[in-house]
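Let's work through a few exercises on side-chain contacts. Grab the viewer, try each task, then check the steps below it.

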Amino acid sequence: MSRDALWFSKVNSSPLAFAIKRYETWSSRFWIEGAVLVSSKHLFIFFLITIIFAFLLFYSVSKLISFNKFISNLVLVLFFIALFPIASLQSAGFIATIVNYIWPSALFAYWLMIDNQRNSETVASYKVIISTFCLILSVFNEGLAIMLFLYLIIRLVIEKKEFLNIYRLICLLVSFLSILNVLFCPGNQKRGISEMTHWFPTFDHLSFWDKLLIQLDNIASNLIVNHNLMGIFLLLLLARAVQKRQSLSIILSGLAIMLSKISESLISKPLGTIVKHSSGKEFNYNITSMLLAPSLIFIIILGLVVFIIILLYGKSSKSLIAITSLGTTFATGMSISLSPTLLASADRPLLFLYFVIIFNCVVLLDDMIEFNKNKDKVVFKKISE
């Protein structure tokens with residue numbers, strides 16, 4: 001019990017009435033707000049549902065990356081526990097953050113698993129119906145609403161004419177309604193005004209590029225300095241390149257690691273200065289110009305990562321999955337740059353990106369030591385064909 005949950009636990013209202021009121025005055029996360037209220041008042045229910053969703057998340061990811069052996073799934077879970085920055089769940093309190101992000105992530109992952117199974121096998125109708133319901137619930141989190149939209153665009157490019165079917169049209173409808181929910185929820189608009197006054201009163205005076213620079217460096221700071229997930233991912237790419245004896249991949253991986261080390265000293269100070277002065281009404285806009293150099297370095301690192309993945313896996317389904325999963329979650333993290341809470345939200349909007357980086361690390365690890373030799377074909381099979 002900490003932070004937001006302490007306040008929720010003192011609310012004297014039914015979950016439904018509270019969710020409606022919050023929708024009108026604070027957030028488009030309708031059922032999630034009610035769920036946080038219930039979780040804050042009934043810890044046993046919170047623990048039980050969280051355990052169920054944790055199993056659902058890992059089960060869905062295991063199926064998505066075709067991990068079929070006990071040892072492979074054990075490595076998946078242990079590697080996730082070892083790498084996941086648990087401190088990221090503390091900024092708004094564990095209960096609020098888990099309900100707002102982990103629960104919807106598990107629901108979205110389950111839908112994603114069923115959606116991919118539909119491309120290679122016949123899936124029972126009841127599973128499709130359940131997964132679609134899970135999708136509807138998950139996209140009340142605006143980050144997942146954006147992710148669904150980007151995912152469907154990728155699917156449209158892959159499937160082309162085959163995309164036009166009743167199921168896909170339902171998914172498009174869900175995506176369309178979820179975006180409308182975020183844009184026109186009365187609570188979001190009122191919250192935006194309130195949050196801007198409190199956290200970043202001069203936010204509207206920033207240029208679009210300044211906002212992008214701030215969030216780009218915020219992501220870089222968390223991936224490179226605070227949690228070093230990028231460093232671990234780059235080391236695994238280097239190890240895989242060495243194993244495959246690809247000289248160019250080795251050189252580029254080493255260059256990316258070197259650049260990430262250089263950027264460590266360039267990122268934190270200017271970003272820290274912006275965080276310190278963002279709540280003041282006399283914000284110096286010239287501060288954002290200090291973010292240009294570390295931003296360029298980070299963009300180069302991201303470009304190198306994409307190029308290295310293509311060198312290692314070619315035009316295969318594996319490279320497509322790695323690049324698109326990283327790209328969509330990164331774009332979702334960047335979307336917060338349009339909100340005045342881009343700094344106040346800490347790294348909560350980056351949790352989806354953390355998940356994907358860690359899961360891609362596990363896939364790289366599997367490629368190197370082959371702890372899951374008898375794997376099924378991975379998703380997006382049409383690309384490899």
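**Exercise 1.** Is Arg155 buried or exposed?

Solution. Step one: Arg155 has a relative accessible area of 3%. Step two: buried means under 20% relative accessible area, exposed over 50%, and partly exposed in between (1.4 Å probe, protein chains only). So Arg155 is buried.

Before going on, a word on the model: it's predicted, so local features need pLDDT of at least 70 and side-chain atom pairs count only at pLDDT 80 or more, while totals for chains, interfaces and linings use all residues. Residues are numbered from 1 along each chain as its sequence is written, and side-chain values use heavy atoms, with hydrogens and water left out.

**Exercise 2.** Which residue forms a salt bridge with Arg155, and where do the two lie?

Solution. First the rule: a salt bridge is a side-chain nitrogen of Lys or Arg within 4 Å of a carboxyl oxygen of Asp or Glu. The partner is Glu159, with the closest N and O atoms 3.6 Å apart. Both sit in helix H8, four residues apart, about one turn of the helix; helices (H or I, at least four residues) and strands (E, at least two) are DSSP runs, numbered from the N terminus. Glu159 counts as buried, at 8% relative accessibility. Finally, Asp115, Arg155, Glu159 and Arg168 are linked in a network of salt bridges.

**Exercise 3.** What do the side chains of Arg29 and Glu142 form?

Solution. They meet in a salt bridge, 2.7 Å from N to O. Arg29 lies in the loop between helix H2 (15-25) and helix H3 (30-41), and Glu142 in helix H8 (residues 142-159), so the pair ties together parts that are 113 residues apart in sequence. Arg29 counts as buried at 8% relative accessibility, whereas Glu142 is partly exposed at 25%.

**Exercise 4.** How many aromatic pairs does a search of the whole structure find?

Solution. The search finds 19. Rings of Phe, Tyr and Trp (its six-membered ring) pair if their centres lie within 6.5 Å; planes under 30 degrees apart count as stacked, over 60 as edge-to-face and the rest as tilted. Take Phe46 and Trp103: with 6.3 Å centre to centre and 25° between the planes, this pair is stacked. Phe46 is in helix H4 (residues 43-64) and Trp103 in helix H6 (residues 94-117), 57 residues apart. Now compare Phe208 and Trp209: at 5.5 Å and 70°, their pair is edge-to-face. Trp209 is exposed, with a relative accessible area of 61%.
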